[in-house]
Amino acid sequence: MRTTTRLKLAYTALAATDTALAGSARPWAHRARFMTKPLLLSVLGAALAADPRAACSPLRTSTLAAQAGGWGGDVLLLGRGDRAFAAGATSFGVGHLAYVAGFRRARDRRTPLRAGRVARGFAATWAVSGPVVAAAAARQDRRLGATVLGYSALLSGMAAAASHLDPALPRDARVLSAAGGALFVASDAVLGVRTFLLPDPPARLESVVMATYTGAQLLLAEGAARAGRRS
């Protein structure tokens with residue numbers, strides 16, 4: 001079994017464990033996540049770095065940089081309160097900028113991004129939902145509202161860019177990247193609802209957030225690895 005396969009299996013096991021822990025309201029489960037959550041993107045990044053398919057991938061470097069930003073966000077969001085949330089969102093935002101940079105370099109140059117139906121769909125969804133969640137966040141902290149609005153716009157832009165890759169890249173790489181971007185949006189939508197719109201959210205919603213988030217990161221990493229193979 002190759003090193004990258006073993007690392008991806010380890011990531012899958014960690015993701016399942018952390019997802020289960022996230023849905024528990026027990027204090028010991030939260031403490032246990034200080035071990036599991038920081039390992040997630042460390043292991044996934046090592047898997048991508050070791051994957052021979054990714055050696056020539058145009059998305060390899062940007063994805064590794066994005067995973068570093070995501071790792072920072074994972075660790076910061078283990079904290080409590082608005083400041084921890086804002087710091088975590090900022091770190092994830094840096095990661096999304098890295099994803100966008102990679103997707104932009106590997107974009108479909110035949111048509112502009114705004115011409116794509118998927119991109120327009122993400123833009124419309126953000127225009128309807130982004131200000132609502134940001135306004136709810138601003139009621140907790142005015143500065144937090146601006147952070148949420150900017151972050152959600154950046155995330156939508158990342159997902160749109162992931163859906164607009166060069167047709168010369170292998171089809172499975174493009175499909176996996178687009179699916180990863182869309183799942184990331186879904187994960188953060190659940191997070192936003194749980195954090196800002198529900199007065200007493202059930203603990204199991206955090207498991208939904210983590211299941212979709214870890215799935216999104218795996219899809220994006222796998223898309224980046226397979227992009228190193230020309231169709």
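**View 1. Lining of the second largest pocket, by residue class.** In this predicted model, the lining of the second largest pocket is made up, by class, of twelve nonpolar residues, six polar residues and one charged residue. The space in the second largest pocket comes to about 350 Å³. Lining the second largest pocket are 19 residues, and those closest to its centre are S129, V133, S152, D188 and A189.

**View 2. Helices around the second largest pocket.** Two or more residues of the lining of the second largest pocket are given by each of α5 (117–140), α6 and α7. Among these elements, α7 provides the largest share of that lining, namely seven residues.

**View 3. Centre of the largest pocket.** The largest pocket holds about 840 Å³ of space. Its lining consists of 36 residues, of which L77, R80, L191, R194 and E206 are the closest to the centre of the pocket. When the residues of this lining are divided by class, 20 are nonpolar, seven are polar and nine are charged.

**View 4. Helices around the largest pocket.** At least two residues of the lining of the largest pocket come from each of α1 (3–22), α2 (27–50), α4 (82–105), α6 (142–162), α7 (171–197) and α8 (204–226). The element that gives the most to the lining of the largest pocket is α7, which contributes six residues.

Terms used:
Residues are numbered from 1 along each chain as its sequence is written. This is a predicted model: local features need pLDDT of at least 70, side-chain atom pairs count only at pLDDT 80 or more; totals for chains, interfaces and linings use all residues. Side-chain values use heavy atoms; hydrogens and water are left out. On a 1 Å grid over the protein atoms alone, a cavity is a set of points where a 1.4 Å probe fits but cannot get out, and a pocket is an open set with protein on both sides within 12 Å along at least five of seven lines; lining residues have an atom within 4 Å of a point. Grid points are joined across faces, edges and corners, and a volume is the space filled by probe spheres set on the points. Helices (H or I, at least four residues) and strands (E, at least two) are DSSP runs, numbered from the N terminus. Ala, Val, Leu, Ile, Met, Phe, Trp, Tyr, Cys and Pro count as nonpolar, Asp, Glu, Lys and Arg as charged, and the others, Gly among them, as polar.
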